[in-house]
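Subject: Structure for you to look at, with notes

Dear colleague,

Please find the structure we spoke of directly below, with my notes after it. I would be glad if you could read them with the model open beside you.

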Amino acid sequence: MNSVINEEDQYIYKTLKRFKLVDIRDNYKDLIEEASEEKLDYRQFLIKLLQYEDKGKKERTLERLIKGAGFKCENTIENYDFAFHSYRHKGKIMELASLDFLKRSENIILIGPPGVGKSHVATAIGIKACEAGKRVLCVNANEFIDELSNQAYQGSLKKFLKKLSRIDLILLDELGYLKMDKEKESLFFQFIRHRYEKNALIITTNLPLERWGEIFTSQLAATAILDRLVHHSHIVSITGESYRVKGKPREARNNEPRS
């Protein structure tokens, strides 16, 4: 009798593995016992199996998407302290977190001094996108532009841009801490043009838009890039004290160097 049961178990295990029903494969014995205790009929038991597998697949997909996005930390909307800035931006940020902008392939530009929570908000929206099953990439702006330059040098820029086009949302963090030369400026313009009205983009920057001439070779170049970037975009300017040091005593904050 035991040999028959073992053969049945082996068949069940191998078949579920072949069909890639991972969660059912690893837990079907416990699920059978639970179904017996709960006196489930065949239909109810089948639904229970499917729900278990569906839940597991969603969790694994989310884990894979978050890992692939490259977030520095997993900040969420739920742990963002809106009260610190007197709830000034809560309505707009919650609207963006609904991901309607993503459906319309719109951009978000988060502007403000260091430490006010721009990267937190960008990451939180990115995680919401992952939860919705979207592919996300989070990268430092300097490193990203260097990579564009590297791909161009290797003759693989076109292939790289095509790969990026399959990513639903790209987060470029800390744009403004560099001065581009004409080559990098041209590559960045190609990237913006390639995503224009096709895929969404979030940019965090310490510079207001009227000062973007400091990033590029001229105000004329900045205008050409902003023309595509700002069209169909949401601009959120976050001002106030540093979100990072909100827990420090005021005396300690006052003694810190300003950036």
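This is a predicted model: local features need pLDDT of at least 70, side-chain atom pairs count only at pLDDT 80 or more; totals for chains, interfaces and linings use all residues.

Residues are numbered from 1 along each chain as its sequence is written, and side-chain values use heavy atoms, with hydrogens and water left out.

The sheet

Helices (H or I, at least four residues) and strands (E, at least two) are DSSP runs, numbered from the N terminus, and two strands are taken to pair if DSSP finds at least two bridges between them. On that basis five strands form an open sheet with parallel pairing, in the order β2-β3-β4-β1-β5. The edges are taken by β2 (136-140) and β5 (233-237), each of which has a single partner strand, so one side of each is left without a neighbour in the sheet. From one strand to the next the twist averages 10 degrees, where axes are lines fitted to C-alpha atoms, for helices over the stretch in contact, and angles run from 0 to 180 degrees between N-to-C directions.

Within the sheet, β1 (residues 107-111) pairs with β4 (residues 200-205) in the parallel sense over five bridges, and the bridge partner of I108 in β4 is I202. Helix α6 (residues 118-131) packs on the sheet and touches β1, β2, β3 (169-175) and β4, its direction making about 160 degrees with that of β4; contact here means heavy atoms within 4.5 Å. Strands β2 and β3 run parallel and are joined by five bridges, with V136 standing opposite L169 in β3. Strand β2 is mostly covered, since four of its five residues are buried, where buried means under 20% relative accessible area, exposed over 50%, and partly exposed in between (1.4 Å probe, protein chains only).

In helix α8 (residues 157-164) the buried residues are L157, F160, L161 and L164. Seen down the axis of α8, these fall within an arc of 100 degrees, so they line one face of the helix; the arc is that of the directions from the helix axis to the C-beta atoms. They pack against β2, α7 (141-153), β3 and α9 (182-195), whereas the face of α8 turned away from its buried side carries the exposed residues K158, K159 and K162.

Helix α4 (residues 90-97) has I93, L96 and A97 buried, and these cover an arc of only 105 degrees around the axis, which puts them on the same side of α4. The buried residues of α4 pack against α5 (100-103), β1, α6 and β5. Just after α4, L99 takes a positive phi of about 70 degrees.

The cavity

A cavity is a set of points, on a 1 Å grid over the protein atoms alone, where a 1.4 Å probe fits but cannot get out, and its lining residues have an atom within 4 Å of a point. Grid points are joined across faces, edges and corners, and a volume is the space filled by probe spheres set on the points. By this rule the count comes to one cavity of 30 Å³ or more, and the largest cavity has a volume of about 80 Å³. Its lining includes S105, I192, R195, E197, L201 and R228, and the elements that give two or more residues to that lining are α9 and α10 (219-230).

Single residues

Most residues other than glycine have a negative phi. S105, in the loop between α5 and β1, is not a glycine but has a positive phi of about 55 degrees, and S105 is buried at a relative accessible area of 15%. E197, in the loop between α9 and β4, likewise is not a glycine and has a positive phi of about 60 degrees, but E197 counts as partly exposed at 46% relative accessibility.

L178 is found in the loop between β3 and α9 and is buried, with a relative accessible area of 17%. Leaving aside residues up to four places away in sequence, L178 touches N142, I145, E214 and I215.

With best regards

How values were computed. On a 1 Å grid over the protein atoms alone, a cavity is a set of points where a 1.4 Å probe fits but cannot get out, and a pocket is an open set with protein on both sides within 12 Å along at least five of seven lines; lining residues have an atom within 4 Å of a point.
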